[in-house]
Amino acid sequence: MQRTEKFKAVLLITTALILLVLVLSQSPITQPADYYQYADTRAAFGVANFANVITNLPFALIGFLGVRLLSQISRQHVDRVIEPEVSPAYFLFFQGLIAAALGSAYYHLSPAPFSLMLDRLPICLVFLSLYCLVLSEYIQPSLGQKLLFPLNVYGLLAVIYWYVQTSTGDRPADLSAYVLVQLLPVLHLPLILLLYDEKRPGGRYYLAALMSYGLAKLAEYQDNEVFALTGGWISGHSVKHLLAALSGWWIYLLLKKRLSQQ
């Protein structure tokens with residue numbers, strides 16, 4: 001039994017190190033020159049890039065619903081819904097969604113390095129908070145608790161580091177540190193769900209959230225193609241916002257289900 005647990009830990013650490021080496025080997029990872037050029041730039045109601053702005057509303061809605069739901073959990077039953085030791089991670093996740101709605105909306109109103117930094121900062125909070133709460137629920141509560149602060153600080157510094165490089169202009173801004181923020185949870189979460197038994201219901205919801213996010217990234221990369229395929233009705237980037245928000249919705253539904261079973 002002890003060997004099995006050690007093997008799982010070694011596997012997670014090894015995959016993290018391999019990912020680190022792969023990312024560093026590709027460094028510097030720079031942003032495409034046409035990054036700020038989106039398929040749907042139409043304005044409506046006096047709002048520039050309207051579709052890419054308005055499709056951020058679901059993030060805010062889900063974030064508010066999640067914070068409200070967490071606030072309804074009684075102290076007597078808190079351990080049935082969340083891991084008490086890492087309770088800030090749950091709040092940070094939903095608060096991050098609210099901040100992501102504001103940051104992304106602002107960015108699409110005025111695409112530029114500074115507004116993009118404000119877009120990416122809350123994304124780091126969402127990703128790393130989810131990662132820590134899954135570590136706590138599946139492996140050990142204290143693990144997520146210990147990693148929550150340093151990982152989030154790393155994520156914020158990774159984005160700021162990229163922005164500072166864009167401001168100095170001495171060399172191409174390197175996204176490597178930020179790429180790790182996105183890839184590590186995406187790599188580890190399926191492994192954790194596969195290797196570890198769930199202590200409370202949640203696996204299929206986390207898996208659904210991952211799948212929704214995967215589809216969101218696919219839509220993002222097919223921005224122009226989706227726009228053309230839908231006859232100019234909606235672009236891939238707008239679809240990406242909706243599918244990414246759906247990922248947050250799965251986490252909300254998971255906690256709601258647990259709360260209903262108190």
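Leaving aside its neighbours within four places in sequence, which residues is serine 247 in contact with? In this predicted model, the answer is Ala209, Ser212 and Tyr213. Serine 247 itself sits in helix 11, which spans residues 236–260. With a relative accessible area of 9%, serine 247 falls under the 20% cut-off and so counts as buried.

Now for a helix pair. Helix 3 (residues 57–71) packs against helix 5 (residues 87–109) at an angle of about 155°, and their axes are 7 Å apart. That angle is over 145 degrees, so helix 3 runs roughly antiparallel to helix 5. Their crossing is left-handed. On the helix 3 side, the residues that meet helix 5 include Phe59, Ile62, Phe64 and Leu70; among their counterparts in helix 5 are Tyr90, Phe91, Phe94 and Ile98. Sort the residues of this contact by type and you get twelve nonpolar, four polar and no charged.

Next, the aromatics. The whole structure holds eleven aromatic pairs. Take tyrosine 35 and tyrosine 36: the ring centres are 5.8 Å apart and the planes stand at 90°, so this is an edge-to-face pair. Tyrosine 35 is partly exposed at 23% relative accessibility, and tyrosine 36 is partly exposed at 28%. Both belong to one aromatic cluster, together with Tyr38 and Tyr107.

Tyrosine 138 and tyrosine 206 are edge-to-face too, because their planes meet at 65°, with the centres 6.2 Å apart. This pair ties together distant parts of the chain: tyrosine 138 is in helix 6 and tyrosine 206 in helix 9, 68 residues apart. Tyrosine 138 is buried at 4% relative accessibility, and tyrosine 206 is buried at 4% as well.

Technical notes. Residues are numbered from 1 along each chain as its sequence is written. This is a predicted model: local features need pLDDT of at least 70, side-chain atom pairs count only at pLDDT 80 or more; totals for chains, interfaces and linings use all residues. Side-chain values use heavy atoms; hydrogens and water are left out. Helices (H or I, at least four residues) and strands (E, at least two) are DSSP runs, numbered from the N terminus. Buried means under 20% relative accessible area, exposed over 50%, partly exposed in between (1.4 Å probe, protein chains only). Contact means heavy atoms within 4.5 Å. Axes are lines fitted to C-alpha atoms, for helices over the stretch in contact, and angles run from 0 to 180 degrees between N-to-C directions. Angles under 35 degrees count as roughly parallel, over 145 as roughly antiparallel, 65 to 115 as roughly perpendicular and the rest as oblique. A crossing is left-handed if the near helix is turned anticlockwise from the far one by less than a right angle, and right-handed if clockwise. Ala, Val, Leu, Ile, Met, Phe, Trp, Tyr, Cys and Pro count as nonpolar, Asp, Glu, Lys and Arg as charged, and the others, Gly among them, as polar. Rings of Phe, Tyr and Trp (its six-membered ring) pair if their centres lie within 6.5 Å; planes under 30 degrees apart count as stacked, over 60 as edge-to-face and the rest as tilted.
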